[in-house]
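Have the sequence handy as you read.

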Amino acid sequence: MAELRKIRVTKHPIAKDATELEQEKSEILKRYRALLRSCKPTMEKDDKKLIRLAFDTALNAHEGMRRRTGEPYIFHPLAVARIVTEEMGLGTTSVVGALLHDTVEDTNITLEDIEDRFGKTIAKIVDGLTKISGVFDQGNTSMQAENFRKVLLTLSDDVRVILIKIADRLHNMRTLEMMPRNKQLKIAGETAFIYAPLAHRLGFYAIKNELEDLAMKYTEPQAYQEITGKLHASKKEHDKFINDFTKPLIEEFKKQGFNFEIKGRPKSIHSIWEKMKRQQIPFEEVYDLFAIRIIIDTLPEKEKADCWRIYSIVTDYYVPNPDRLRDWISTPKANGYESLHTTVMSSSGKWVEVQIRTRRMDEIAEMGYAAHWKYKEGSAESALDEWVAKIRELLESPEGNALDFVDDFKLNLFSEEIFVFTPKGDLRTLPHGSTALDFAFDIHTDIGSRCIGAKVNHRLVPISHKLTSGDQIEIITSEKQYPKEDWLSIVVTAKAKGKIKDAVREHRKRLTDDGKEIFDKKLRQIKVVESSVNMNNVLLYYKVATTADLYYRVAMNVIDLHDLREALQFDPKTRKVNPRKAGLSFEELVKQVRGNNDALVIGEDIGKIAYKLSSCCKPIPGDDVFGFITSDEGIIIHRTNCPNAIKLMSNYAFRIVKAKWTGAKEIAFLTGVRITGVDDVGVVNHITKVISSELKVNMRSISIESTDGLFEGTIMLFVLDTKHLNTLMKRLRKLKGIMSVSRID
Ligand code: MN
């Protein structure tokens, strides 16, 4: 890794005395022997010699170089070689490649030297690793996912290059502690963004999880520490739970003569964190902190039948959730993963994921296709070739895979930058905090100027929606949209800010021209000669400061000129005001709301201004809302994520008013909650008890339907605000047998 090199390769940072150097020497040999031992099962006749030669070559080449930790540099290639054999199940060629992977780039050794000593294949691998390092590790620009894949493929005729590169990254991540913070962030971000998805794609689940966890340790240190701490603290309790859960199963498996192993595996820290964020729940509410894995030893021809027999036993004891059955035995995943997953309800009312698989499937799941060779006839190398061909196929196959690949990238972030994708999978880098509108302007000024909303990961969101890394964004535009001044508070990028300012000015100028035309036309209509017009009085009448302002409002339809005649006759001295109608007309309503620049305050302005809450999205205090001026019903308040809102904004943008909630009043709002769970005697009773007695919420209606032991209920109730609603939902989620509680949109 070149970017690490500058700091990593410090020559003799600390003077070592003779004993220390002696100790180091023996430690190097010890590690070399450990590598040899782990290669044993795959080793053929000349393999040992070749590995020795590679080790000696690397040792000499890196002589005197040290890692940032102060350790001899050779520790790194030795560790990478061990990952390659122990954790990826690769053979001698890869071990040799791993030992030599940094020599050409970092030392005086040339590619010709490598070819002379090790032949063409190894030389090509080392060459590929050197080039990849040059392209990825030195460049500061972020690669597009698709480009990354292409470059990887072109630079690596031999897929082993990619595998060694992953091993190299894994070791660098394991030893990232000594790096300065900014390097840590860059390397960790890249790892989460490129290497973990790649490992996942190639079926190296264990490595993928470790890369993600290590990346999170640096990008989100607080969350990482919190989750590790809590996992540690709750270990005893979990162990007991696993014991209780598996006890009856173990007895039954034994009775039926199975050879099996049961593991209670904690989920990766990263996946727990993802879940907490996705469902917005605290650690304590993540129910599947671990999965129970049942691994059976069985004959190849009985694999499938036996896995289903185990499934049958498990579900005799525990009720399964039919929605969560995954059969990857009948149809394995593209990367070779085979397993039977089900989620069952334990006797204490907790959902538990149970994974059922054979020993062979388990090894493939942990080590990817690499584990295949053990189960194939013939030599290890030919099986490896077959596997390598399979990976190439996987990476090269065109149909839909570019997008799949992008999907895998929905991962982590650098703290200052986020990575998002266009619908076609092009990657864009934006500063942290960027919104859908920033993205639109990043694509093109016209797209930004006409942006009325966006679909983020296929979900409709307002233009102010904040983006996160991995989002895929489709911008929705309308011919009628134009840039607004208040957009300036929505965007964070300088580009968008500049463009909005220009466009607002431009748009305003155009509208002012239009407005003047309308004004002049109206004058002609009522047969008034322009020179006789006292513009000052007209401005006073319409309460605007300048003629430009007047024309602008005319063009915007905020001022319609039906009373132009009165305006022309307006006398500022007598302050004779045009006799108004009682009740507010549409125009007056607009004027009134537009008049004070502040937002409409719901709950306070009631009485002063007529408004009501829309029935389509049923906003409650705390929701993001806006007001929409109608001609017959006053102002209607919608949630900003209401699908109607986008339609309204696109067609009638000028009728939109800002609105916010006041916290002062205790008004109850109607909203709906959907609950699903396991049908249990008295579940309705429990739910209603929580709602009405404990939280004193008024229910309007409740309907519950149950099928096959599961129920789905819809409850309409009155709440004060989102906080109130969230407390209620949180409380409901804690009830026994409840699987999900969500607000109805
Ligand atoms: Mn390296």
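Helix α28 (residues 683-694) packs against helix α29 (residues 722-733) at an angle of about 145 degrees, and their axes sit 10 Å apart. Keep in mind that this is a predicted model.

**The α28/α29 packing**

- The two helices, α28 and α29, cross in a right-handed way.
- On the α28 side, the contact comes from Ile 687, Val 690, Ile 691 and Glu 694, while α29 brings Leu 728, Arg 731 and Leu 732.
- Sorted by class, that α28–α29 contact has 5 nonpolar and 2 charged residues, with no polar ones.

**The manganese site**

- Four protein residues donate to the manganese ion: His 76 and His 101 through NE2, plus Asp 102 and Asp 168 through OD, at 2.2 to 2.4 Å.
- Along the sequence, these donors follow the spacing H-x24-H-D-x65-D.
- His 76 belongs to helix α4 (residues 75-87), and Asp 102 lies in the loop between α5 (92-100) and α6 (103-106), so this pair, 26 residues apart, links distant parts of the chain.
- His 76 and Asp 102 are both buried.

**Strand β11 and its partners**

- Strand β11 (residues 451-456) is largely enclosed by the rest of the structure, because 5 of its 6 residues are buried.
- β11 runs antiparallel to strand β13 (residues 473-477), joined by 5 bridges, and Ala 454 faces Ile 475 of β13.
- Strand β12 (residues 459-461) also pairs with β11 in the antiparallel sense, over 3 bridges, with Val 456 opposite Arg 459 of β12.
- The β11–β12 hairpin has 2 residues between its strands, and Asn 457 there takes a positive phi near 50 degrees.

Note on methods: Residues numbered from 1 in each chain as written. Predicted model: local features only at pLDDT ≥ 70, side-chain atom pairs only at ≥ 80, totals over all residues. Heavy atoms only, no water. Donors = N, O, S within 2.8 Å, 3.2 Å for Na, K, Ca; no water. Helix = DSSP H or I, 4+ residues; strand = E, 2+ residues; numbered from the N terminus. Buried < 20%, exposed > 50% of the residue type's maximum accessible area, 1.4 Å probe, protein only. Axes fitted to C-alpha atoms, helices over the stretch in contact; angles between N-to-C directions. Left-handed = near helix turned anticlockwise from the far one by under 90°. Contact = heavy atoms within 4.5 Å. Nonpolar A, V, L, I, M, F, W, Y, C, P; charged D, E, K, R; others polar. Pairing = 2+ DSSP bridges.
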